[in-house]
Amino acid sequence: MTIGLFILVSVVKIVIALFVLLTAVAYTVLLERKVVGHMQNRWGPSRVGPFGIFQPLADGLKFFFKEDLTPPYVHKTLYLLAPIIAVTTALTSISVIPIGTWITIGDIHTPLQITDVNIGLLIILGITSVGVYGVALAGWSSNSKYSMLGGLRASAQMVSYEIALGLSLVGVLIYTGSFSLRDIVDAQSGVWFGFLPKWNFFKGQFVAFFIYIMAAYAETNRIPFDLPEAETELVAGYHTEYSSMKFAMFFMAEYANMITVACLATVVFLGGWSGPVFGPPILHTLLPVFWFVLKVFIFMFIYIWVRGTLPRFRYDQLMAFGWKFLLPLAIANILITALVIALK
Amino acid sequence: MCVGGAVNLLVQKHPISSALSLIVVMASLALLYLLLGAEFVAAIQIIVYAGAVMVLFVFTIMLLNAGAEERTPHGSRVATMLGVPALIIGLGISAWVVAHMTGLDKLGIGGPTIMNGTESFGAPQPVGHLLFRDFLLPFEVTSVLILIAIMGAVVLARRED
């Protein structure tokens with residue numbers, strides 16, 4: 001494939017991925033409001049279009065037309081930079097996640113992934129680490145006590161749970177022997193006993209899966225770890241001084257982070273796109289994508305389900321949980337996995 | 001970009017801007033590692049340095065609420081007149097010595113290109129092999145050293161009850 005064609009295909013993939021991601025973010029918001037509403041025995045948004053389907057459009061329009069004011073006492077450069085960092089990191093990590101197998105259109109034979117780097121997993125962890133700056137700088141540059149405290153708390157929480165997140169993935173790495181996300185998915189293809197799929201979840205990494213879920217909830221500041229945002233409801237959080245588009249960027253960044261974490265969980269633990277494939281060749285490319293989307297959707301539903309059900313942790317309980325419970329558990333998981341592999 | 005970030009670090013008045021310039025330096029180091037073909041090292045540099053160490057720096061600056069430093073109006077003129085040329089000459093001499101010793105000045109202006117055989121340089125497997133086989137003792141000793149540093153920091157920061 002010539003370099004020009006390669007660039008063209010990559011640009012097309014990037015545009016499609018961005019478009020799909022942004023639409024997914026908007027409709028995740030709607031899904032959350034409807035699901036939480038039904039759990040609380042009320043309809044969610046249901047006026048705008050059938051079943052409230054056009055609600056995200058209405059929200060987007062509202063954000064555009066709101067007054068975008070910059071308080072005079074903020075530190076201007078960082079104030080503008082913080083949501084940009086948050087959104088950029090949130091939207092970039094989707095680029096190494098493989099959605100399906102290869103696709104062939106005429107002469108073009110490309111994987112359904114923007115790039116296939118052989119350290120894909122590390123890149124996602126690195127981008128998440130840099131995303132902490134968006135929150136920390138937002139809290140500090142707003143030049144208000146509540147914002148700074150909220151920002152510090154949120155970033156301390158994110159940094160602490162990043163460790164548990166990374167360590168829970170090491171068990172899978174020991175099984176697979178490669179950082180590349182496509183290799184991790186390929187190692188989970190196939191079936192035992194004719195029906196139990198060889199996902200990493202069933203291969204014995206279920207403890208790691210639960211550590212990962214809990215660390216992911218803490219990373220994305222969701223219930224039960226959303227004290228930095230509850231301060232938003234109660235007092236003020238790191239995005240209190242932000243209005244309209246900048247606030248919308250933080251909002252988008254949070255939901256995009258949720259989607260990225262869900263995609264990573266399906267790739268690493270639930271087998272990516274593996275699922276029954278049948279029918280004509282066109283379905284051979286489309287069905288894996290369908291299975292992938294279905295698994296991501298199940299993961300998001302669990303996210304929202306937990307949000308509607310559990311109370312939130314106090315901050316010291318939160319930090320104690322991360323450092324005193326999840327971290328030793330993740331290390332123990334690595335030890336046991338390494339032992340099992342070494343004894344084979 | 002690396003050198004620019006480092007100079008900016010010294011020039012900025014506000015400590016937060018200095019910290020951000022240091023982040024730029026770390027990121028550009030990671031880029032340099034990438035260009036040399038060591039993508040694993042580059043990713044680890046981003047995760048550890050730019051993602052964790054610098055976040056702690058930024059935390060500390062925020063918590064201490066350090067304001068912008070004041071500038072003394074005119075530094076000593078002798079220092080400027082002697083200092084800047086001395087610095088340039090010193091750097092030039094060291095650069096020439098290093099280049100002469102590593103044979104760079106014989107390679108022409110381009111310098112070393114991207115190494116072939118990237119698998120044998122920066123990929124995870126060779127790094128792991130080196131770390132856990134050839135350099136195992138330094139690795140373990142370093143972790144004990146970090147433990148001692150942590151304990152020292154905790155002891156030094158304790159309030160006297």
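At what angle do helix H3 (residues 76-92) of chain A and H4(A) pack, and how far apart are their axes? In this predicted model, the angle is about 155 degrees and the axes lie 8 Å apart. Angles over 145 degrees count as roughly antiparallel, and H3(A) and H4(A) are therefore roughly antiparallel to each other. Their crossing is left-handed. On the H3(A) side, the contact is formed by A:Leu78, A:Tyr79, A:Leu81, A:Ala82, A:Pro83, A:Ile85, A:Ala86, A:Thr89, A:Ala90 and A:Thr92. The residues of H4(A) that take part include A:Ile127, A:Val130, A:Gly131, A:Tyr133, A:Gly134 and A:Trp140. By class, the residues of this contact are 15 nonpolar and five polar, with no charged residue.

H4 of chain A spans residues 120-141, and its axis comes within 8 Å of the axis of helix H3 (residues 39-64) of chain B. The two axes cross at roughly 15 degrees. Since angles under 35 degrees count as roughly parallel, H4(A) and H3(B) are roughly parallel to each other. This crossing, too, has a handedness: the one between H4(A) and H3(B) is left-handed.

Which residues of H4(A) and H3(B) meet? From H4(A) come A:Leu122, A:Ile123, A:Leu125, A:Gly126, A:Ser129, A:Val130, A:Val132, A:Tyr133, A:Ala136 and A:Trp140. Facing them in H3(B) are B:Ala43, B:Ile46, B:Ile47, B:Ala50, B:Gly51, B:Ala52, B:Val55, B:Val58 and B:Met62. The contact of H4(A) with H3(B) comprises 16 nonpolar and three polar residues, and no charged ones. An α-helix has 3.6 residues a turn, so residues three or four places apart point the same way.

The contact between the chains can now be considered as a whole. In total, 16 residues of chain A are in contact with 13 residues of chain B. On the side of chain A that touches chain B, H4 and helix H5 (145-176) each supply at least two residues. The largest share, 10 residues, comes from H4(A). This side of chain A consists of 13 nonpolar and three polar residues, again without a charged residue.

Another element of chain A deserves attention: helix H1, which covers residues 3-39. H1(A) has 37 residues and reaches 52 Å from its first C-alpha to its last, close to the 54 Å expected at 1.5 Å a residue. Buried within H1(A) are A:Leu21, A:Ala24, A:Val25, A:Thr28, A:Leu30 and A:Glu32. After H1(A) comes A:Asn41, which has a positive phi near 65 degrees.

Finally, the two chains may be described in overall terms. Chain A contains 11 helices and four strands, whereas chain B has six helices and zero strands. Of the 344 residues in chain A, 44% are buried; of the 161 residues in chain B, buried residues make up 14%. Among contacts in chain A between residues at least 6 apart in sequence, 76% join residues at least 24 apart. For chain B, the corresponding share is 55%.

Technical notes. Residues are numbered from 1 along each chain as its sequence is written. Chains are lettered from A and ligands numbered from 1 in the order in which they are written. This is a predicted model: local features need pLDDT of at least 70, side-chain atom pairs count only at pLDDT 80 or more; totals for chains, interfaces and linings use all residues. Axes are lines fitted to C-alpha atoms, for helices over the stretch in contact, and angles run from 0 to 180 degrees between N-to-C directions. Angles under 35 degrees count as roughly parallel, over 145 as roughly antiparallel, 65 to 115 as roughly perpendicular and the rest as oblique. A crossing is left-handed if the near helix is turned anticlockwise from the far one by less than a right angle, and right-handed if clockwise. Two residues are in contact if their C-beta atoms, placed from the backbone, lie within 7 Å. Ala, Val, Leu, Ile, Met, Phe, Trp, Tyr, Cys and Pro count as nonpolar, Asp, Glu, Lys and Arg as charged, and the others, Gly among them, as polar. A residue is buried if 20 or more other C-beta atoms lie within 10 Å of its own, exposed if 12 or fewer, and partly exposed in between; C-beta atoms are placed from the backbone. The expected span of a helix is 1.5 Å times one less than its number of residues.
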